[in-house]
Number of protein chains: 2
Amino acid sequence: MKQVRRREVIRPGTTVEQMVRAIADMIVTGAILPGEKLDEGSLAARFDVSRTPVREALRELGAMGLVAREPNRSAVVTNVTEAYLHSMFEAMAELEAICARLAAERMTVDERRALELDHRASMALVHQGADEDYSAYNTEFHTRLYRGAHNEHILEMVTQTRARLAPFRRAQFRLPGRLTKSYEEHGQIVTAIMRADGAAAGQAAYSHVEIVSDASAVFAKANEK
Amino acid sequence: MKQVRRREVIRPGTTVEQMVRAIADMIVTGAILPGEKLDEGSLAARFDVSRTPVREALRELGAMGLVAREPNRSAVVTNVTEAYLHSMFEAMAELEAICARLAAERMTVDERRALELDHRASMALVHQGADEDYSAYNTEFHTRLYRGAHNEHILEMVTQTRARLAPFRRAQFRLPGRLTKSYEEHGQIVTAIMRADGAAAGQAAYSHVEIVSDASAVFAKANEK
DNA sequence: GCCGATCAATCTGCATGCACTTTTCCAAAT
DNA sequence: ATTTGGAAAAGTGCATGCAGATTGATCGGC
């Protein structure tokens, strides 16, 4: 083929970046399941590029921990062991606790206000039982916490860990009563943050994640081969 | 050129892996300084490979945070801002605290014994003022802590953070009195761990890193352009 | 019928080359 | 002397092709 510029739209970023986003998205949303193979040729064909950028994208996804790569084998969507999954949830709880604690100490007035307002607004979603919407709100809530800690490196770590956990807790809000519990737990975190009580915020955040962890264990099992 | 197998030794791993290790090592040990450009062609020539594996290695180093990459620009050894450096040190302190706390709660008897023995042995290095040797021991000491937490994901995060900080605290033990202080701080951590006192171990570890952070600030400045 | 060997098909690892972008450098203008 | 225009040089992004590894299928031996 004659090396034609053929990318349809001029979306931001290089080819590789776009592919990383696209593939990561498929993994995180569950369009590709843990254990599934990602062969370079098919992906290249699918995205209408050569294997070179595909390989670089896969390497990056490997570094992110979303796919596992071994020499001369196809990349495989990461299917972690139960032990490793547990270690990620524990790490997540610890990181959330740190973020909540730091957020309680450091958030600006505006950040606190926004957090509280959003939290109040989310009550409506709980009453409607709007799984999807609450899930989206939930992501935003936690992101606010992470940003509120005002520590860029911790933000990166927690973001990465969260991405790697995503495939394993997709359906968490489907569990009966989970929505209400989540809302209440958020409430405790918010209250502690408004009082600038770092210790309490940390503890509330820790147990919030711990509970999510338990709820997810079910789905982790389901994903195993 | 005729695609000859030309790698000297059959060292473990693929070409890319070897290059990642080699380049990471140069960065971490200071053979290449923050801010320095890494152009693909020169590296390819240096390692006697084509640009393809070099590019993949650089992408991986980018994911590790050791080099910064922007489209159409050469990769550059990461030269973090003071704010980001600070966030990494803070994150490091938090992670160390977590590891120390978990280690105090979870280390096996053997692990505790080994930790204490090594710590005792390190006193000799302090008395001799053996900078280099103590530095090596220090790395081992902290690695023991990280492993002792028995959490694989946290181990990964702390290892990565440590690697990224390495270029900025290379010379820390050259500061007068730092050796002795470090030894004493290690002592507090060890004592707390032997008593299985997680809270105390965490606090001791936190302030240990905090102090290292202050000591390093000097060198961080020196590395700026 | 089941197991192991062999070969074809498939896929990954890397080299090479072209297109496009950034950088450098030199000359003309101010 | 300093700035500015612009072309040459250098460098990155990606496509393509070959060599070697892996996988799967077929066939002969037990």
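Which residues of chain A does UniProt list for "domain: HTH gntR-type"?

1. The UniProt entry, which is unreviewed, gives residues 13–80 of chain A for that domain. UniProt positions follow the numbering used here, feature names are shortened, and annotations may be inferred rather than shown by experiment. Over this stretch the chain is 54% helix and 10% strand, and its end C-alpha atoms sit 30 Å apart. Helices (H or I, at least four residues) and strands (E, at least two) are DSSP runs, numbered from the N terminus.

2. A word on ground rules: this is a predicted model, where local features need pLDDT of at least 70, side-chain atom pairs count only at pLDDT 80 or more, and totals for chains, interfaces and linings use all residues. Residues are numbered from 1 along each chain as its sequence is written, while chains are lettered from A and ligands numbered from 1 in the order in which they are written.

3. Now for confidence. pLDDT is the predictor's confidence in each residue, from 0 to 100. Chain A averages 87, and 85% of its residues score at least 70. Be careful with residues 1–11 of chain A, where pLDDT stays under 50, and with residues 218–225 of chain A, where pLDDT also stays under 50.

4. Chain A is split into domain 1 (15–77) and domain 2 (82–223), with bounds from an automatic or database domain assignment. Their centres, taken over C-alpha atoms, are 28 Å apart. Domain 1 of chain A gives 9 residues to the contact and domain 2 of chain A gives 7; two residues are in contact if their C-beta atoms, placed from the backbone, lie within 7 Å.

5. Have a look at α4 (residues 82–106) and α8 (residues 178–194) of chain A: these helices pack at about 35 degrees, with axes 8 Å apart. Axes are lines fitted to C-alpha atoms, for helices over the stretch in contact, and angles run from 0 to 180 degrees between N-to-C directions. A100(A), A103(A) and A104(A) in α4(A) meet I189(A), A192(A) and I193(A) in α8(A).

6. What about the two chains? 21 residues of chain B are in contact with 21 residues of chain A. The largest share of chain B's side, 7 residues, comes from α4(B).

7. Chain B can be laid on chain A with an RMSD of 0.1 Å by a turn of 180 degrees and a shift of 0.1 Å along the axis. That is how a two-fold axis relates copies. The superposition is by least squares on the C-alpha atoms of residues with pLDDT of at least 70 in both.
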